[in-house]
Amino acid sequence: MEYQSLENAITTSFGNNVRIVSRKSVYGGDINQAYRLTLSDGTSVFMKSSTIKNADFFRAEKEGLEALRMSGTIGVPRPLAVGVDDSLKISFLLMDYLHATPKITNYWEVFGRELALLHRADVFHREPAFLSRTEAAGLVADEPIEGKDYGRFGFRSDNYIGASPQMNTPKPDWITFFRDCRLRPQLEMAAGSLDKGLRKKCDSLLDHLDSFLAEPEFPSLIHGDLWSGNASCGPDGKAWIFDPAVYVGHFEAELAMTELFGRYPVTFYASYHEVNRIDSGYEDRKDLYNLYHMLNHFNLFGGSYLGAVRQIVRRYV
């Protein structure tokens, strides 16, 4: 349900007599504005807001949060309402406010184990709507045809990686998905800013991607944008994750992202490995997964990321 006013979203969620009594800006709005709303019944609510034209960002985020919560494996804030308010000229997303407490003693070990459980969860098999889109060839995404699972990788709708659109058209195999729905769209956006030699190397990389990546033993529901800023200590003292760019993919892509802007402690990865084995070949693949994020940052923020893009491409081509 999409609400047509912030007031209606509050009263429907908390009761007809409940009103907003204060609004305070808080951290959490790198792209959007973020607020802590205090309601007349004493409840605190986290609100993101943006312009009305950006309402689809919040629809996609709500869908991603709901998907992660369905796994029941790791802390994820509950989305309460999404909508637009013409009088305030905003779109908005409301969710539970996370009251931080001190971290539990084994915070990183528990975080690693719970993320591994998320990646091993079969939630998208129990909820086939995760992948219920029709392939261009006319095949139903989650319907086995002639012994082959079509649409094992992707999501039921496109979403966003930061401020960039993220394509999630279901594909039958991981390498095809990563090439056509991750690297190729970003390279097409960047093409006009890349020199001829680099573009040629990128084309070669796409053509030979199966020489560098491996198909996973099973598909995983992943957060999709799990850098350190998208996880924090929640009300139970454990790690909670938010601001997702959810899809069903290869868990290695998630692990690679956790290493991109400041690696988690060794204990995190060791505990993860106890639940979901990390193949030794991952070390050779992780930079290629992170090429997607470096290209996205280049497309969003410009030339300071070009060197990282070039370095990664040269490693493989």
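**Figure 1. The six-stranded open sheet of the predicted model.** Six strands form an open sheet in the order β1-β5-β6-β4-β3-β2, and their pairing is mixed. At the edges lie β1, residues 2-3, and β2, residues 20-25, each of which pairs on one side only. The structure shown here and in the views that follow is a predicted model. Strands of a sheet pair through backbone hydrogen bonds, in either the parallel or the antiparallel sense.

**Figure 2. Strands β5 and β6, with helix α1 on the sheet.** Strand β5 covers residues 79-85 and strand β6 covers residues 90-96; the two run antiparallel and are joined by six bridges. Within this pair, Pro79 has Met95 of β6 as its bridge partner. Helix α1, residues 6-14, packs on the sheet and touches β1, β2, β3, β4, β5 and β6. The direction of helix α1 makes about 155° with that of β5.

**Figure 3. Antiparallel pairing of β2, β3 and β4.** Strand β3 spans residues 33-39 and strand β4 spans residues 44-50. Five bridges link β2 to β3 in the antiparallel sense, and Lys24 stands opposite Arg36 of β3. Between β3 and β4 the pairing is likewise antiparallel, with six bridges; here Tyr35 stands opposite Met47 of β4. A hairpin is formed by β3 and β4, with four residues between the two strands. In its turn, Gly42 has a positive phi of about 95°.

**Figure 4. The packing of helices α9 and α10.** Two packed helices are described by the angle between their axes and by the distance between those axes. Helix α9 comprises residues 282-301 and helix α10 residues 306-316; they pack at an angle of about 150°, with axes 9 Å apart. Their crossing is left-handed. On the α9 side, the contact includes Leu288, Leu291, Met294, Leu295 and Phe298, together with charged residues such as Glu283 and Arg285. Among the residues that α10 contributes are Leu306, Val309, Ile312, Val313 and Tyr316. Taken together, the residues of this contact divide into eleven nonpolar, one polar and six charged.

**Figure 5. The second largest pocket and its lining.** This pocket has a volume of about 200 Å³. Its lining consists of 13 residues, and those nearest the centre are Pro216, Glu217, Phe251, Arg277 and Asp279. By class, the lining of the second largest pocket holds seven charged, four nonpolar and two polar residues.

Methods: Residues are numbered from 1 along each chain as its sequence is written. This is a predicted model: local features need pLDDT of at least 70, side-chain atom pairs count only at pLDDT 80 or more; totals for chains, interfaces and linings use all residues. Side-chain values use heavy atoms; hydrogens and water are left out. Two strands pair if DSSP finds at least two bridges between them. Contact means heavy atoms within 4.5 Å. Axes are lines fitted to C-alpha atoms, for helices over the stretch in contact, and angles run from 0 to 180 degrees between N-to-C directions. On a 1 Å grid over the protein atoms alone, a cavity is a set of points where a 1.4 Å probe fits but cannot get out, and a pocket is an open set with protein on both sides within 12 Å along at least five of seven lines; lining residues have an atom within 4 Å of a point. Grid points are joined across faces, edges and corners, and a volume is the space filled by probe spheres set on the points. A crossing is left-handed if the near helix is turned anticlockwise from the far one by less than a right angle, and right-handed if clockwise.
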